[in-house]
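Reader: I would like to go through a protein model with you. Could you show it to me, please?

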Amino acid sequence: MGTGATRDFTAMWMKRVIAPVTEAIQGQIIRRSATAVTAMFARACQQVAALALVILAAGVMAPAEYGVYTLSIIFVLLLQTLTYSGLFQYVVTAKGDEKVVLDTAFWLMMGIAVVGAIVLVVISPLVSMMFRSPEVGEVLRWLAVAQPFAAAVAWASAVFMRQERLQTFYTIMIVQNLVAMVAGVALLFLWKSVFALVAYRYIRAILGTVLYFGYSTVWPGLKAKRDEAVAAMRYASGLYGSRAVTFLSVYAGDILLGIFLSTAEAGIYRFGVRLATATLNIVIQPMKAFALARFGAEERRGEALGPSMQMFCSTAFVLLGCGAGAIMVFSEPMIASFFRPEYMPAAVVASAFAAKALFGAGEMFVEPFLAAKGRTGVAMAFGSVSTGAMILAVLISAPFGLQVLAWA
């Protein structure tokens with residue numbers, strides 16, 4: 001083959017083979033980068049909305065009244081843990097007939113939400129007695145009624161992740177959180193009551209239902225099967241155990257402060273926790289969501305998950321280190337400048353939880369990794385030992401006050 005023929009062949013090869021491949025790779029990189037930026041902005045909006053409402057609520061409500069809301073929401077968050085874990089991961093990662101998988105998971109999630117809401121309404125008088133506050137039970141009843149909407153949003157969110165429609169998923173999240181934040185801030189200014197926060201929860205849940213289902217390509221149907229439901233619950237049981245244990249380690253402090261001391265201490269404690277977590281979740285939540293979607297897709301394709309796991313862990317440690325340092329430096333002067341003096345102990349709580357998030361940078365990917373592998377029982381065993389020690393520390397330290405409790 002002559003030089004001219006070689007040159008022509010090379011040009012043809014570059015045009016027909018190399019160029020399309022290069023364009024495809026560049027397009028994929030651009031799409032992933034755009035999705036990553038949207039995800040970070042979406043989670044930032046979510047946490048900014050939560051932080052704005054926490055800050056405004058602390059400005060217009062006393063710690064005792066804010067504590068009423070934080071203690072009530074704990075029981076609702078426990079119920080939401082059952083919808084945003086287990087079956088949620090099953091929707092994202094399960095193989096088989098897609099319509100059967102999705103329909104079965106939807107009705108299971110709705111059943112859990114409805115039954116759980118009824119249980120919360122029934123036990124609300126006992127919760128009021130436990131915390132010596134009738135307002136806690138009243139707020140709990142109102143929050144419980146909104147849980148079927150939250151379950152529907154959880155299912156639709158999992159479907160978007162299963163389909164890897166992450167750009168649309170995070171765009172909807174941005175709209176949902178910005179609109180709900182504006183409404184919540186307006187309600188707090190006008191109402192100046194804990195029930196303004198309850199109304200915010202309703203607005204956010206209903207708006208999310210409308211948006212996610214409005215843009216969904218899949219709607220729940222009646223193709224649920226008993227065998228699929230058994231498989232789904234068997235899969236979910238390990239994650240439920242893991243999440244329940246983790247949930248207790250996070251919220252046992254609030255509950256015990258409310259029991260041993262008062263709703264005021266519980267309110268200050270949760271205020272400090274929210275200052276830390278609302279900031280750091282801007283990093284944690286999108287990375288966990290990306291990890292679950294990436295691990296689930298790679299597992300379905302039969303690819304190795306190790307390289308992705310290493311990339312997620314190293315990135316998270318760097319980003320969380322920057323965020324945790326900022327919280328430890330600026331939380332105390334910020335509280336001193338903008339809030340009532342009784343909220344000052346929250347600075348210590350915020351620093352403790354910032355340190356906790358930093359040193360748990362790798363641990364947060366264990367559950368998505370094992371969920372993709374179907375090893376949910378291992379996930380529960382992994383979290384049980386360390387969380388059991390944390391719960392024991394909380395039981396011992398709670399009577400000594402919120403600052404000792406936070407570091408314990």
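This is a predicted model: local features need pLDDT of at least 70, side-chain atom pairs count only at pLDDT 80 or more; totals for chains, interfaces and linings use all residues.

Reader: How many helices and strands are in the protein?

Author: The protein has 15 helices and zero strands. Both are DSSP runs numbered from the N terminus: helices are H or I with at least four residues, and strands are E with at least two.

Reader: What share of the residues is buried?

Author: Of the 408 residues, 50% are buried. Buried means under 20% relative accessible area, exposed means over 50%, and partly exposed lies in between (1.4 Å probe, protein chains only).

Reader: Which residues have the most contacts inside the largest nonpolar core?

Author: They are Trp 155, Tyr 269 and Phe 271, in a core of 126 residues. Helix α10 (residues 263-300) gives the largest share of this core, 17 residues. A nonpolar core is a set of buried Ala, Val, Leu, Ile, Met, Phe, Trp, Tyr and Cys residues joined through side-chain atoms within 4.5 Å.

Reader: And what does Phe 271 touch?

Author: Leaving out residues up to four places away in sequence, Phe 271 touches Val 54, Ala 58, Tyr 66, Ile 335, Phe 339, Tyr 343 and Ala 346. Contact means heavy atoms within 4.5 Å.

Reader: Ala 346 is listed among the residues of α12. Is α12 mostly covered or mostly open?

Author: Helix α12 is mostly covered, with 11 of its 14 residues buried. Its buried residues, including Ala 346 and Phe 353, pack against α10, α11 (306-338) and α15 (402-407).

Reader: What span should α12 have?

Author: At 1.5 Å a residue, helix α12 (residues 346-359) should span 20 Å, and its end C-alpha atoms are 20 Å apart, which agrees. The expected span is 1.5 Å times one less than the number of residues.

Reader: Changing topic, where is Lys 192 found?

Author: Lys 192 is in the loop between α7 and α8 (194-215). Its phi is near 50°, a positive value in a residue other than glycine. Lys 192 is partly exposed, with a relative accessible area of 47%.

Reader: Where is Arg 132 placed?

Author: Arg 132 lies in the loop between α4 (98-131) and α5 (134-145), and its phi is near 55°, also a positive value.

Conventions. Residues are numbered from 1 along each chain as its sequence is written. Side-chain values use heavy atoms; hydrogens and water are left out.
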